[in-house]
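Let us walk through a protein model step by step. Keep the sequence and the 3D view side by side as you read.

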Amino acid sequence: MNEYFPKILINSSSTDNTEIFYQALGKNYEIILSNSIEKIIELSEQQLPDLILLDIEIIKANNFDVHRQLRSNPITYEIPIIFIMDKINDNNYIQELYYGADDYITKPLTMQMLRLRIQKLIERKQLWKELKQQRDQLQKEHIFIDTLLNAANNLILVINQQGRIIRFNHAAEVFTGYNFNNIKDKPFFWEKFLLPEQLPDFREIFQNFLNNKLISRFRTYWINCNNERRLFDWSNSIFIDHNNNNRYLMLIGTDITEQRLTEHALQESLHEYATLVTMIPLGVYKFRTTNKDKRWVFEFVTPQFCSILGVSAGE
């Protein structure tokens, strides 16, 4: 693999300076020279150098604000610029420096100072590039996580140690009737969704979270802004940020209202069935096989059946 050398685009009016550039930088950098100030923009876009050296006297003599164009160009605006200057006591120079350059070097040029300034700027550019990549990656991950959370049918919310909701998915917004942006900065807003008699239990769950203890499963009713009540089965987890400084409580709630109603209706039906069967003057029984050893066991018997066999229900 060919070794990469950072590119430096240089515009200088002095032959002596050009020789210094090659002596100071030629071993560690790829040097691109431009004899025309008008070519700087074109070369910058084509070569995408890691740094640009501009002689401010040439800029002034040609009345060509190349540094301003570089800064306003979306392709070249991040490229570090160093001005080569004769003096720094001119207010116009200082104004241009603050607007268009990252650093300056005064003439006469020295190889040691040139190397040091260029090395520091390129290192800073590389660090900024890495930070930007990390930020972009985190942003993509956040978008991906938000997409997953909002695609879920379950209610999902994340609570920080101050009791504030920092994640509130679309399903939670739909059920509660509250938009996340309207509640995210309000501590303990989730208490509005709970029945008054359930508040102490949930506060205990939150306190356990603060003490790094987890109650992984519980059931509570939630109430929305229309005062509709639904029963949710919650599974919980604690996670810590990458700096190991902050803990968060994630709650995932499944609406089991219909399931509970079905179970209740089934229990009532079974009770009615058992009552009716015991009134029939016949021996009736129900049995099943065990899952483990496949034995036959009685699940239900009527008093008439026990009488026929001459045994008690317990036997």
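Just after helix H2, Leu48 takes a positive phi of about 45°. Leu48 is a residue other than glycine. Its place is the loop between helix H2 (39-47) and strand S3 (51-55). Helices (H or I, at least four residues) and strands (E, at least two) are DSSP runs, numbered from the N terminus.

This is a predicted model, where local features need pLDDT of at least 70, side-chain atom pairs count only at pLDDT 80 or more, and totals for chains, interfaces and linings use all residues. Residues are numbered from 1 along each chain as its sequence is written, and side-chain values use heavy atoms, with hydrogens and water left out.

Is Leu48 buried or exposed, or partly exposed? Leu48 is partly exposed, because its relative accessible area is 47%. The cut-offs are these: buried means under 20% relative accessible area, exposed over 50%, and partly exposed in between (1.4 Å probe, protein chains only).

Now step back into H2. Here Ile40, Ile41, Leu43 and Ser44 are buried. An α-helix has 3.6 residues a turn, so residues three or four places apart point the same way. The buried residues of H2 pack against strand S1 (7-11), S3 and helix H4 (66-72). Contact means heavy atoms within 4.5 Å.

Move on to helix H3 (residues 56-62), where Glu57 is found. Glu57 is partly exposed, because its relative accessible area is 24%. Ile84 lies 27 residues away from Glu57 along the chain, and their C-alpha atoms are separated by 8.1 Å.

Next, look for empty space. Rolling a probe the size of a water molecule over the atoms shows where such space is left. The second largest pocket has a volume of about 350 Å³. On a 1 Å grid over the protein atoms alone, a pocket is an open set of points where a 1.4 Å probe fits, with protein on both sides within 12 Å along at least five of seven lines; lining residues have an atom within 4 Å of a point. Grid points are joined across faces, edges and corners, and a volume is the space filled by probe spheres set on the points. Which residues lie nearest the centre of this second largest pocket? They are Pro49, Asp50, Glu78, Lys125 and Lys129, out of 18 lining residues. The lining divides into 10 nonpolar, 3 polar and 5 charged residues. Ala, Val, Leu, Ile, Met, Phe, Trp, Tyr, Cys and Pro count as nonpolar, Asp, Glu, Lys and Arg as charged, and the others, Gly among them, as polar.

Helix H9 (residues 199-210) comes next. Its 12 residues should span 16 Å at 1.5 Å a residue, and its end C-alpha atoms are 17 Å apart, which agrees. The expected span is 1.5 Å times one less than the number of residues. The buried residues of H9 are Leu199, Phe202, Ile205, Phe206, Asn208 and Phe209. They pack against strands S6 (155-159), S8 (217-223), S9 (229-240) and S10 (247-255). Just after H9, Asn212 takes a positive phi of about 65°.

Asn227 has a positive phi of about 65° too. Asn227 sits in the loop between S8 and S9. Asn227 counts as exposed, because its relative accessibility is 62%.

Finally, take in the whole chain. It has 11 helices and 12 strands. Buried residues make up 35% of its 315 residues. The mean pLDDT (the predictor's confidence in each residue, from 0 to 100) is 78. Confidence is lowest in strand S11 (residues 285-289), at a mean of 55.
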